[in-house]
Amino acid sequence: MPIRSLNHGSGKVLFSHGPVDIMPGPGGHLLRVSFDVSGDWLKGLEVAQTLITGDVWCNNSPASPWVGALVPRVLTLRPLSTSSWLAVQVYDDQLLALEKARSDQSLDLRIDIQSTLLHPSEGFYPVAEDQVTASIGSFDWARVLDRVGLQTGLLIRVAGPFVDSNAQVALADSMEDLPSLAQAVSRLRQARAQLGEGRWEQCIATCRRVLENLKRIGPPLPTAKSIRTQADPEKLNEAERWAALYYATAALTQPAHHDDTVTLGFSFSREKAEAVLAATAGLLNVYTSVGAPQRE
C-alpha cells in the first residue's frame, strides 16, 4: 500500500495500512485495520508518542453512513516502521448493514485519522489529519463474517462435530456425499462462502447437497406423497409439518441443479439465496438436535 503521512510541521507520521480483520467478542466486535507507522524526524533510539483518534465511514452508498469512532490508541513512533492496528467497534446488525451496502462489491471504508502528539517539540503542529480508504474484497469480507459466525440475516448455531472422529471430511465431487454431520456442516459453510461471493445459484445448489446429506443422517422422514395426499393440512402431525418444510426447501433448490422447460426461466438473487440458506441451516439444526421430530 502507498505510504501516507500526517504532517506535524517539522516532522511527519508515516503510515501505510494493510488488511482488515476482526476480533470477535460476546457482544460487540473490533473491526481492525493493520498499520505500519514511523516518525520521519526520529533517529537512532528516539521515540515519540501520538494519540490516534478518528471516525470510520462506509463509502459503498451515496450517503456514506457513519460506522463508528476509532478506538483511541496511543502509538509509540520509532525511526523504522513498526506494526500496529486501528479498530472500530461494530455489532452484528452493523456487519449485516455493511454486507448489504457493499452490494456484492468490495467493502470500502473511509477512515478519517487524527494524530495528536503527546509531547510536541518546538516547530511541531500538535495535531495533524489525513483520510484513507481501506477496501476489503468479497472473499476476505466473507472470512470476516465467518469469524463471528454471521450468516444471512441472523445467527444460526449448528452443533458439531465439524470434523469426523478419524479425519477431516473432504468435500465429495459427486452427489453421493459421505453421509455425516461433519460433511453436512462443511457443505453448509461452502454455501455460506458462495453467498458472500455473490454466487447465488451455486449457493442454492450446495444447499441441496446439504439437504440430501441431512436426509441420510437424520431421522426417517414421512414421504412427500403422504403429506401431499393429506386432505386436511391441519391434521398433519409435527413430524409431517417439519417434513413439509424440508420438501418445500428441497424443491426450491432443484432449479439450481437442473435446466428443463419448467426451471429454465427461474432467476437467482441474494434474497432467494439467503432464504434458502437460512432454511437449510435451520433444518440441519432441528434434525440433528436432541428433540428432532420423529415419525409416530
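## Terms and overall make-up

Helices, taken as runs of at least four residues, and strands, taken as runs of at least two, are DSSP assignments numbered from the N terminus. In this predicted model, the secondary structure of the protein comes to seven helices and nine strands.

Of the 296 residues, 41% count as buried, and the accessible surface comes to about 15,700 Å², of which 54% belongs to carbon and sulfur atoms. Among contacts between residues at least 6 apart in sequence, 67% join residues at least 24 apart.

## Helix H1 and the residue after it

Helix H1 spans residues 92-102, and its buried residues are Leu 95, Leu 98, Glu 99 and Arg 102. These residues cover an arc of only 100° around the axis, which puts them on the same side of H1. An α-helix has 3.6 residues a turn, so residues three or four places apart point the same way. The face turned away from the buried side of H1 carries Asp 93 and Lys 100, both of which are exposed.

Just after H1, Ser 103 takes a positive phi of about 50°.

Most residues other than glycine have a negative phi. Ser 64 lies in the loop between strand S4 (48-58) and strand S5 (66-69). Because its relative accessible area is 19% and the cut-off for burial is under 20%, Ser 64 counts as buried.

## Strands S8 and S9

Strand S8 (residues 107-117) pairs with S9 in the antiparallel sense, over ten bridges, and the bridge partner of Asp 112 in S9 is Gln 131.

Along S9, which covers residues 127-136, the side chains alternate between two faces.

## Aromatic rings and charges

With ring centres required to lie within 6.5 Å, the count comes to three aromatic pairs. One of them joins Tyr 246 and Tyr 247 in an edge-to-face arrangement, with 5.5 Å centre to centre and 85° between the planes. Tyr 246 is buried, its relative accessible area being 4%.

The ring of Trp 85 has the charged end of Arg 32 sitting over it, 5.0 Å from the ring centre, while Arg 73 lies over the face of Trp 85 at 4.0 Å from the ring centre.

How values were computed. Residues are numbered from 1 along each chain as its sequence is written. This is a predicted model: local features need pLDDT of at least 70, side-chain atom pairs count only at pLDDT 80 or more; totals for chains, interfaces and linings use all residues. Side-chain values use heavy atoms; hydrogens and water are left out. Buried means under 20% relative accessible area, exposed over 50%, partly exposed in between (1.4 Å probe, protein chains only). Two strands pair if DSSP finds at least two bridges between them. The arc is that of the directions from the helix axis to the C-beta atoms. Rings of Phe, Tyr and Trp (its six-membered ring) pair if their centres lie within 6.5 Å; planes under 30 degrees apart count as stacked, over 60 as edge-to-face and the rest as tilted. A charge sits over a ring if NZ of Lys or CZ of Arg is within 6 Å of the ring centre and within 35 degrees of the ring normal. Contact means heavy atoms within 4.5 Å. Accessible areas come from the Shrake-Rupley method with a 1.4 Å probe; for residues, only the protein chains shown count as cover.
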